[in-house]
Amino acid sequence: MPTEDQVLQALRQVIDPDLHRDIVTLGFVKDVAICEGAVKITLELTTPACPVKDRLKEEAEQAIRSIPGVDQVNVKMDAQVRPTLAQMGSMMIPGVRNVVPIGSGKGGVGKSTVSANIAVALAQTGARVGLMDADVYGPSIPTIMGITDAPKPGEKGIIPIEAYGVKVISMGFFLKPDQAVVWRGPMLTKMIDQFLGGVEWGEIDYLIVDLPPGTGDIHLSLCQRIPLSGAAIVSTPQDVALQVAQKAVIMFNQLKTPILGLIENMSYFVCPHCGQRENIFDTGGARRAAGRMNLPFLGEIPLATRLRETSDSGRPIVVSDPKSPAAVAFQQIARALAAQVSIRNAEETAAEPVKITF
Amino acid sequence: MATPQIPTPVEIGRANQHDVKIRWNDGREIIYPARRLRLACPCAACVEEMTGRRMLVESAVPAEVHPLSIHAVGRYAIQILWSDGHQTGIYTWERLYEMAGQLPNSKIER
Ligand SMILES: Nc1ncnc2c1ncn2[C@@H]1O[C@H](COP(=O)(O)OP(=O)(O)OP(=O)(O)O)[C@@H](O)[C@H]1O
Ligand SMILES: [Mg+2]
């Protein structure tokens with residue numbers, strides 16, 4: 001009969017390609033059960049949106065099967081999203097494990113569209129997801145997510161509205177239509193505090209934050225208030241836009257917020273009639289910029305009329321047309337983003353955090 | 001992105017009853033006298049935002065001023081709750097490390 005030691009030894013051969021360590025060291029292996037020649041284990045990954053889930057499962061099965069005396073293998077897959085280390089000590093938003101703001105250097109690059117679709121795509125993998133619309137100037141998340149209800153107060157704060165498996169809170173809930181907002185620094189900070197502390201988020205693996213365009217007070221408040229897992233930056237392929245994206249990169253660097261990667265939106269065009277891909281702009285600009293700045297590239301989203309239509313009608317494309325090229329792109333980007341969060345958190349766990357004893 | 005790496009603190013604790021001691025990851029260990037730290041508060045009430053003019057009047061700060069508690073702000077700074085009730089200042093790693101050069105009692109341990 002194989003021993004637990006033998007099983008663990010075999011599993012040490014399986015390396016997570018993102019985290020560059022074996023799955024035993026990473027603590028993924030749970031509940032090893034051996035009965036005669038049958039071995040049952042559970043692999044607990046750091047995200048249900050793991051891009052290499054199937055590969056890890058297969059490799060683990062193979063590794064166990066190679067042990068003499070094993071005739072039956074059962075690998076169960078599970079996931080437990082780990083919190084940002086910095087978040088653990090802070091009680092700013094209890095229950096929220098990772099806060100991921102989506103930013104851009106300028107407006108209109110598709111930040112809200114990307115935030116909403118990534119949030120829904122993550123939720124579709126089984127993760128617990130929140131979406132916070134921090135764009136006080138033009139909150140568009142309620143429209144994209146098809147939310148018309150107003151949120152109700154709960155015992156400890158406002159209860160977010162749930163749409164497509166995502167808990168949503170937006171400044172739009174608290175504004176009358178066409179109400180012009182002139183916000184100043186302190187008011188913005190207060191709003192951010194209320195959004196973060198005054199909402200009954202519950203247990204959240206990923207809180208996606210749709211930031212206003214540019215690099216202003218909101219960004220500052222947010223990065224100062226809570227330890228962020230890292231930001232993603234959306235850009236269009238044009239060089240001009242990329243230079244603006246660089247501004248966002250510099251701002252997050254100054255605030256010591258890690259950058260999880262760049263996303264290229266409106267990257268290329270897929271003809272809805274013949275399916276032919278056409279590069280209208282200089283596609284790949286963001287990928288090259290990411291390379292230059294030594295940042296991960298998370299993926300590219302095509303220009304698609306369906307994407308605008310589904311957003312306008314409140315049915316994100318990952319729900320209403322999940323097989324379309326744009327939806328597939330979002331699913332892939334969501335997994336790449338989740339992988340980057342896991343990588344960051346693993347690196348942080350390895351690095352010593354600052355110890356404060358005062 | 002390759003920004004020049006400034007040192008980060010490894011440990012922030014007490015040098016004595018009132019003063020703050022920071023051990024940096026480059027091996028330096030710096031003692032920040034409490035009052036010096038309070039007078040260096042960078043917040044908008046203590047320093048005029050546009051001109052950088054110091055508005056905090058030294059004589060208005062109690063001689064025995066000291067931190068009551070210190071907590072981390074994001075990954076780049078600390079916030080200090082002072083015995084005089086002040087707490088709006090955010091001390092970034094940069095600022096603290098820069099201050100170290102102006103303090104007489106820093107010692108280098110490698
Ligand atoms: N890949 C795409 N293909 C087609 N239309 C898109 C695409 N991405 C975004 N859009 C459309 O472009 C417009 C702007 O997108 P969105 O509101 O998401 O941008 P934003 O960066 O959040 O803008 P703002 O700066 O105003 O907040 C919307 O009408 C949206 O539906
Ligand atoms: Mg927007």
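This is a predicted model: local features need pLDDT of at least 70, side-chain atom pairs count only at pLDDT 80 or more; totals for chains, interfaces and linings use all residues.
Chain B has 110 residues, and 40% of them are buried. Contacts in chain B also reach along the sequence. Among those between residues at least 6 apart, 40% join residues at least 24 apart.

One aromatic pair was found in a search of the whole structure, over all chains. The partners are B:Trp24 and B:Tyr97. B:Trp24 belongs to strand 2 (residues 20–24) of chain B, whereas B:Tyr97 belongs to helix 2 (residues 93–100) of chain B. The pair therefore ties together parts that are 73 residues apart in sequence. B:Trp24 has a relative accessible area of 1%. This residue is buried, because the value falls under 20%.

B:Gly101 has a relative accessibility of 62% and counts as exposed. B:Thr51 lies 50 residues from B:Gly101 in sequence. Their C-alpha atoms are 23 Å apart in space.

A further contact involves a residue from each of two chains. B:Arg14 lies over the face of A:Phe358. The distance from the ring centre is 4.1 Å.

In chain A, eight strands form an open sheet. Their order is 8-9-7-10-6-11-12-15, and the pairing is mixed. Strand 8 (161–163) and strand 15 (297–300) of chain A are the edge strands, and each pairs on one side only. From one strand to the next, the twist averages 25°. Within the sheet, strand 7 (residues 129–133) and strand 10 (residues 204–210) of chain A pair in the parallel sense over five bridges. A:Met132 stands opposite A:Val209, which is in strand 10 of chain A.

Helices also pack on this sheet. Helix 4 of chain A touches strand 6, strand 7, strand 9 (166–170), strand 10, strand 11 (231–235) and strand 12 of chain A. The direction of helix 4 makes about 170° with that of strand 10 of chain A. Helix 9 (residues 285–293) of chain A packs on the sheet as well, touching strand 12 and strand 15 of chain A. The direction of helix 9 makes about 155° with that of strand 12 of chain A.

Several loops of chain A were then examined. A:Gly108 is found between strand 6 (96–103) and helix 4 (111–124) of chain A. With 71% relative accessibility, A:Gly108 counts as exposed. A:Ala289 is 181 residues from A:Gly108 along the chain, and 19 Å separates their C-alpha atoms.

The loop between strand 12 (259–264) and strand 13 (269–270) of chain A holds A:Ser267. A:Ser267 has 0% relative accessibility and counts as buried. Its side chain makes a polar contact of 2.6 Å with the side chain of A:Glu264. Leaving aside residues up to four places away in sequence, A:Ser267 touches A:Pro237, A:Thr283, A:Glu300, A:Ile301, A:Pro302 and A:Leu303.

A:Met266 is also placed in the loop between strand 12 and strand 13 of chain A. A:Met266 counts as partly exposed, at 26% relative accessibility. This value lies between the cut-offs of 20% and 50%, so neither the buried nor the exposed class applies.

Most residues other than glycine have a negative phi. A:Met266 has a positive phi, near 55°. For A:Glu36, phi is likewise positive and near 55°. A:Glu36 is placed in the loop between strand 3 (29–35) and strand 4 (38–45) of chain A. At 61% relative accessibility, A:Glu36 counts as exposed.

Methods. Residues are numbered from 1 along each chain as its sequence is written. Chains are lettered from A and ligands numbered from 1 in the order in which they are written. Side-chain values use heavy atoms; hydrogens and water are left out. Rings of Phe, Tyr and Trp (its six-membered ring) pair if their centres lie within 6.5 Å; planes under 30 degrees apart count as stacked, over 60 as edge-to-face and the rest as tilted. Helices (H or I, at least four residues) and strands (E, at least two) are DSSP runs, numbered from the N terminus. Buried means under 20% relative accessible area, exposed over 50%, partly exposed in between (1.4 Å probe, protein chains only). A charge sits over a ring if NZ of Lys or CZ of Arg is within 6 Å of the ring centre and within 35 degrees of the ring normal. A polar contact is a pair of N or O atoms within 3.5 Å; within protein, one must be able to donate a hydrogen and the other to accept it, and residues adjacent in sequence count only if both atoms are side-chain atoms. Contact means heavy atoms within 4.5 Å. Two strands pair if DSSP finds at least two bridges between them. Axes are lines fitted to C-alpha atoms, for helices over the stretch in contact, and angles run from 0 to 180 degrees between N-to-C directions.
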